Amino acid sequence: MGTASGDQPAGASSDKLRHVESMSELPSGAGKISGINAVVLGESLAAEEHDLIYPSAEFSADALVPSPKQYRQMYERSINDPDGFWSEIANTFYWKEKWNPSEVCSENLDVTKGPVQINWFKGGKTNICYNAVDRNIEAGNGDKIAMYWEGNEPGQDGKLTYSELLDKVCQLANYLKSVGVGKGDSVIIYLPMLLELPITMLACARIGAVHSVVFAGFSADSLAQRIVDCKPKLVITCNAVKRGVKPILLKDIVDAALAESEKEGVTVGLCLAYENQSAMKREDTKWQAGRDVWWQDVVTDFPTKCDVEWVDAEDPLFLLYTSGSTGKPKGVLHTTGGYMVYSSTTFKYAFDYKPSDIYWCTADCGWITGHSYVTYGPLLNGATVLVFEGTPNYPDSGRCWDIVDKYKVTIFYTAPTLVRSLMRDGTEYVTRYSRKSLRVLGSVGEPINPSAWRWFYNIVGDSQCPISDTWWQTETGGFMITPLPGAWPQKPGSATFPFFGVQPVIVDEKGQEIGGECSGYLCIKKSWPGAFRTLYGDHDRYETTYFKPFAGYYFTGDGCSRDKDGYYWLTGRVDDVINVSGHRIGTAEVESALVSHPQCAEAAVVGVEHEVKGQGIYAFVTLVDGVPYSEELRKALILTVRSQIGAFAAPDKIHWAPGLPKTRSGKIMRRILRKIASRQLDELGDTSTLADPGVVDQLIALKDC
């Protein structure tokens, strides 16, 4: 049996396509697919860049969105009747008071027509903690595991049912109220991935306080900047944490930040510290009497019942600071109702969530992924979530798959950087474990290059698991362009199609929308419920950064291509586009070409000034373990880029890199690479958030090799 049109993709046998008739037309309506290989989940390896990876008949039959046809129907309704579409979903949550049905959404994204403003479900009264915890208990799921916890050391673990989670949330919420924290007050959270981190987020939300989680890897200066900006009632931290074998003294960092904040005129009179006994003893912790309080000494004395503070849908839920390479961090502000509805809905559909799933996202709650897809999105669906304190390569590079087998993880969501790092360490660390429980994989944080996608799919998922390669941002609150597993075929490296209610457009430099197959700037027209509402205390910067570049649109800051089949391909930040002799080259494109070479484990590309071409391409390259540096390999890498992209994209410099400067979440710090490439070594700035600051010295030592 062929496709519905009677044509079959090149290189595919008819039996491989026996169940994909309904997929011969893509969600974009682009028509049949020709000249492309077809691969069915579980039946063949993904080997070529132009493979289409089809879900199996069994997977699609059981999927929440089983076909392009159903996706199109739901998507078209979400665009043509957004009020009705989102109201139906919002009505599945508990609201103390309903919003005005005639004003589900009000917005202005056009700076030429007045101040930018976005409102969803305004006037509705709800509470996200109640919906994420109490509602699940009332539905009879109080004894279901809400969270598993896996510590830094194998064998350290814990778990909480939904009922136990509620008890702990209420105790902390009652404590917070007792020290004067109330609706609208901000609380800074500087905790590692202990269960106390999501507990603290939920406790703040329960009483209407605004939490601001700061990744427990930021320096004292970075933490102080955030304290000065949001002026919290208290800071919540722990004495220390171990990452692998390395202890990190978090309380010392908080002490330094509070001292720095005081110099700036902001005094925080209370620091609540959790005693993390596996990392540091209480008696070894520096202490300031009158300000510092041990969590275990006070919180556990409070009642396990705490009244809910009902808040307006547009009341603030959390602040999350994103740090640029220069200047003051941006305090992204998300509100309650729309974020609740959007984070929950995106989680449900993008991972094809089932109540029996065990879900693990490797992100830290210090980033937006940890807010939307460790804490709120999963719990709003009544899911069982795994929280991991450690690092993926400790005690060895098989740790992730050991954890997958231990907890029978079914959905695994991680970053391309981690995938590439594990690729480099070899397949034996993966294949020694079963991983048979896995059914959906996910990717977040940056475009995933096709070779890493294929390794993730073929090796980790045994060619059985669709990959939700999600594109979204801190500012968007949830997924914007993402595969829906089971609904349509995937292309390695493509985020595929927009989520419900999202209207992506690609514009040229003049802001004109471009149709069909094209490349340009990715913008969004019309708002969506999860959109951020402002930058805290700086609405002018909010408008200038995101809405003034192209009036009437939200400008994502990302470059994007759309292929002839309507698939979207993210090409990286626009400021990660290098202009070489008039050619605009996405760094992600060059990196992908380099990594396709079998001896290249990872690459990071930056632009440098070039007296002839305007900008030149400077590539930092990490080789597969055991491969020596050589001039022949350098030439081979450059030739690989020339052959895949063109001579204009050939790197001017290959800089050998034993490792790349990354944050502990796996994000490559390109700001540091740009400074090294430009020989601005006295301007490297803060390197304290790096997982291994020693990498910087290694790169400097190799700069002339």
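Predicted model: local features only at pLDDT ≥ 70, side-chain atom pairs only at ≥ 80, totals over all residues.
Biologist: Which residues touch the most other members of the largest nonpolar core?

Modeller: In soluble globular proteins, nonpolar side chains tend to be buried together. A nonpolar core is a set of buried Ala, Val, Leu, Ile, Met, Phe, Trp, Tyr and Cys residues joined through side-chain atoms within 4.5 Å, where buried means under 20% relative accessible area, exposed over 50%, and partly exposed in between (1.4 Å probe, protein chains only). In this model the largest core has 149 residues, and Phe121, Leu176 and Phe500 touch the most other members. Its largest share, nine residues, comes from helix H5, residues 162–178. Apart from this core lies another of 28 residues, among them Val404, Ala452, Cys465 and Ile467.

Biologist: In helix H5, is Lys177 buried, exposed or partly exposed?

Modeller: Lys177, which is found in H5, counts as partly exposed because its relative accessibility is 39%. Not counting residues up to four places away in sequence, Lys177 touches Ile207, Cys306 and Asp307. Lys177 and Asp686 are 509 residues apart in sequence, and their C-alpha atoms are 36 Å apart in space.

Biologist: How many residues of helix H7 are buried, and what covers them?

Modeller: Helices (H or I, at least four residues) and strands (E, at least two) are DSSP runs, numbered from the N terminus. H7, at residues 220–230, is mostly covered, with eight of its 11 residues buried, namely Ala220, Ser222, Leu223, Ala224, Arg226, Ile227, Asp229 and Cys230. The covering elements include strand E8 (186–190), strand E10 (234–238), helix H8 (250–263) and strand E16 (316–322). After H7 comes Lys231, whose phi is positive, near 50°.

Biologist: Which way do the residues of E8 point?

Modeller: Ser186, Ile188 and Tyr190 point one way from E8, Val187 and Ile189 point the other way, and all are buried.

Biologist: In what sense does E8 pair with E9?

Modeller: Two strands pair if DSSP finds at least two bridges between them. E8 and E9 (residues 210–213) are joined in the parallel sense over four bridges, and Ile188 has Ser212 as its bridge partner in E9. E8 also runs parallel to E10, again through four bridges, with Ile188 standing opposite Val235.

Biologist: What handedness does the unit of E8, H6 and E9 have?

Modeller: A crossover is right-handed if, with the strands pointing away from the viewer, the path from the first strand over the helix to the second runs clockwise. The β-α-β unit made by E8, helix H6 (residues 196–206) and E9 is right-handed. A right-handed unit is also formed by E32, helix H18 (residues 631–644) and E33. There, E32 (residues 614–623) and E33 (residues 653–656) pair in the parallel sense over four bridges, and Tyr618 is bridged to Lys653.

Biologist: Where does Thr369 lie, and why does it count as buried?

Modeller: Thr369 has its place in helix H11, residues 368–380, and it counts as buried because its relative accessible area is 9%. All 13 of the 13 residues of H11 are buried, so the helix is largely enclosed by the rest of the structure. Beyond its neighbours within four places in sequence, Thr369 is in contact with Cys361, Ala363, Val374, Tyr413, Val444 and Trp472. Just after H11, Gly382 takes a positive phi of about 70°.

Key. Residues numbered from 1 in each chain as written. Heavy atoms only, no water. Contact = heavy atoms within 4.5 Å.
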